[in-house]
Each structure stands twice: as C-alpha cells, then as structure tokens.
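Welcome to a short tour of a protein chain.

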Amino acid sequence: VSNAIRSAQTQVEAQNFEIRKNVLKYDDVMNRQREVIYSERRLVLEGKDIGEQVNDFMADTLSAYVRAAAAQGYGEDWDLAQLWTALKLIYPISFTPEQIIAEAGSSSALDVDFLEARILDDAAAAYKKREEDLGADVLRELERKVLLSVLDRKWREHLYEMDYLQEGIGLRAMAQRDPLVEYQREGYELFAAMMDAIKEELASLVFNVEVTIEGDGSQVKARGVDEKPAQSAPLKYTAADENGVVSSGDVSRNSPCPCGSGKKFKRCHGAA
C-alpha cells in the first residue's frame, strides 16, 4: 500500500511540475489568439474600411453552408429546402430551389460549384443593394459597430472556454498524452469555431439588423448592437470558512471563494 501511495504521489508531483514548467507555453497559445482578435479590433477602432473583409466573411459563411448541404450524394439527394432556410437567416436570397434546379437542367445535373457560385453572386448583389439603401458611409459604420460588438462578446465567451480547458488539461497525462499538445490542438479547434461563429453572426447582422440614423447622419444606431448589456447584480455567497463560521456577502466571480477552499468563487460556491 505504501509503495502504491508513493508511486501515485510521484506521478502527481511529476504532473504538477510539468504543468508549471509549461505555463509560458500555455500562455503563448492564448497570446497568438489574442493577437488575431486585437488586430481585428484595431482596424475597427482606427475607423478602417472593413467592407472587403465583411464580404470575405460572408463568402466563407455561405460557402460553408453550401458545402455542408452538398457533402453527401448528388444533387437529387441534397436537402435544398433546409439549405434555403439557413441561407434566409443570413441574407435575403432572391431565388428558390426550384429556380436553381431549372437553371441547372435537373436536380441530378446540379453541381456544388455551380450552386455555390450562384449563391455567392446573389449575396453580392444583395450586399450592393443594402449599401445603396443605407449609403456607403452608413454601411461602413454599421459594419464596424457590428464587428466590434460581436468580436468582444465572442472573445469573452472564448476566454471562459479556454479557462475551463486549461483547468483540466493536465489530466491528459494520465492517458499518456502531452497536455500541452492537447491544449494547443483543442485550443485551435475552439478558436476556429469562434471565428466561424463571428463570421456567421457578422454577415447576418449586416443584412438584417435594424438601422436608424440620427442627427446630421453621422450617428448610426443599430438595434441590438449599440445597447449596453444590463448590469448584473453582485454575486451572493453564504459559506462557512475553515473555522466553521458562516458568512455571507458579495464577491466577484474570479475572487477566491470565501469558504477558504483556495478555488475561485465561480469554481466553488458560485458554480450554481
């Protein structure tokens, strides 16, 4: 029994040492991701024209939708009705599945490249009409507002996900896997998913958000984008400390839990 305990203790100590040794390497993963996000924010804050970037985001999103719908089988096997339902959430598509089938000649003759090109051309025309309706300057300002709002919100959510990932990644060593390699791989997957979500939401909001222009036309308001999030009430706790004394009050999510466990409040009594 003593040998088993000693062996387990040695493994745990070695694991903890490895985690401490790689702290800077873990931070480097986040730093690379942070550089990408902050470079995007810098473009917005400097008032750069991001119209071309928005078009690229829109094209990436629509292409991903089409490729996913046409991933299996041939044209007659694709669920175009479901694809059209998804596309309408992004932009006002101007033709129906029946029309695209007629253009191709038949459903069996429908090709994924033809379908993708047709949808991208239609989306580009819809974007141009949106620009004509709002005005180029208004649309540029709208794009900057939307991108900044979506970036900040998605980045905050991503930081929480990366925090959860790093907290338990050391256990991968028990399965003979390098925790750092696993963290890099899964961190990249989370980051890629976040970027895809940013592109999709940005494209959808640019087309669908309600815009109002105030004053001399320089104030552009986007419904659901400009509003500041409601201030949440301070988190409450009621917990006993190491001496068994029960106390209560306000505490932030990232502060040490008052119960004395050494964990952050959000990981302890604030988890509920």
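Leu45 is found in helix H2, which covers residues 23-45. Keep in mind as you read that this is a predicted model.

**The chain as a whole**

- The chain contains eight helices and four strands.
- If you read along the sequence, the pattern is α-α-α-α-α-α-α-α-β-β-β-β.
- Of the 272 residues in the chain, 33% are buried.
- Take the contacts between residues at least 6 apart in sequence: 61% of them join residues at least 24 apart.

- Leu45 and Leu148 are 103 residues apart along the chain, and their C-alpha atoms are separated by 8.4 Å.

**How helices meet**

Two packed helices are described by the angle between their axes and the distance between the axes.

*H3 and H8*

- Helix H3 spans residues 51-69 and helix H8 spans residues 179-208; their axes come within 8 Å and cross at roughly 110°.
- H3 and H8 are therefore roughly perpendicular to each other, since angles of 65 to 115 degrees count as roughly perpendicular.
- The H3 and H8 crossing is left-handed.
- On the H3 side, the contact is made by Val54, Phe57, Met58, Asp60, Thr61 and Tyr65, while H8 brings Lys199, Glu200, Leu202, Ala203, Val206 and Phe207.
- Sorted by class, this contact of H3 with H8 has eight nonpolar residues, one polar residue and three charged residues.

*H5 and H6*

- The axes of helix H5 (residues 97-104) and helix H6 (residues 112-134) come within 11 Å, crossing at roughly 125°.
- H5 and H6 are therefore oblique to each other.
- This time H5 passes H6 in a right-handed crossing.
- Ile100, Glu103 and Ala104 of H5 make the contact with Phe114, Leu115 and Arg118 of H6.
- By class, the H5 contact with H6 has four nonpolar, no polar and two charged residues.

*H6 and H8*

- The axes of H6 and H8 are 10 Å apart, and the two helices pack at an angle of about 50°.
- That angle makes H6 oblique to H8.
- From H6, the residues Ala123, Ala126, Tyr127 and Arg130 meet Val206, Phe207 and Asn208 in H8.
- The contact of H6 with H8 has five nonpolar residues, one polar residue and one charged residue.
- Val206 and Phe207 of H8 take part here, and Val206 and Phe207 are also among the residues that H8 brings to its contact with H3.

- Which loop holds Gln176? Gln176 lies in the loop between helix H7 (136-168) and H8.
- Gln176 counts as exposed, because its relative accessibility is 73%.
- Most residues other than glycine have a negative phi.
- The phi of Gln176, however, is near 60°, a positive value in a residue other than glycine.
- Arg177 lies in the loop between H7 and H8 as well.
- Arg177 has a relative accessible area of 47%, so Arg177 is partly exposed.
- Leaving aside neighbours within four places in sequence, Arg177 is in contact with Arg172 and Glu182.
- Is Glu182 buried or exposed? Glu182 is found in helix H8, and with a relative accessible area of 10% Glu182 is buried.
- A polar contact of 3.3 Å joins the side chains of Glu182 and Arg172.
- Once neighbours within four places in sequence are set aside, Glu182 is in contact with Ile169, Arg172, Arg177 and Gly187.

**After the end of H8**

- Val209 is found in the loop between H8 and strand E1 (211-214).
- Val209 has a relative accessible area of 7% and is therefore buried, because buried means under 20%.
- What does Val209 touch, leaving aside its neighbours within four places in sequence? Val209 is in contact with Arg130, Leu142, Ser204, Ala222, Arg223 and Val225.
- The C-alpha atoms of Val209 and Leu142 are separated by 9.2 Å, and these residues are 67 residues apart along the chain.
- Arg130, one of the residues in contact with Val209, is also one of the H6 residues that meet H8.

Terms used. Residues numbered from 1 in each chain as written. Predicted model: local features only at pLDDT ≥ 70, side-chain atom pairs only at ≥ 80, totals over all residues. Heavy atoms only, no water. Axes fitted to C-alpha atoms, helices over the stretch in contact; angles between N-to-C directions. Parallel < 35°, antiparallel > 145°, perpendicular 65-115°, else oblique. Left-handed = near helix turned anticlockwise from the far one by under 90°. Contact = heavy atoms within 4.5 Å. Nonpolar A, V, L, I, M, F, W, Y, C, P; charged D, E, K, R; others polar. Buried < 20%, exposed > 50% of the residue type's maximum accessible area, 1.4 Å probe, protein only. Polar contact = N/O pair within 3.5 Å; in protein donor to acceptor, adjacent residues only side chain to side chain.
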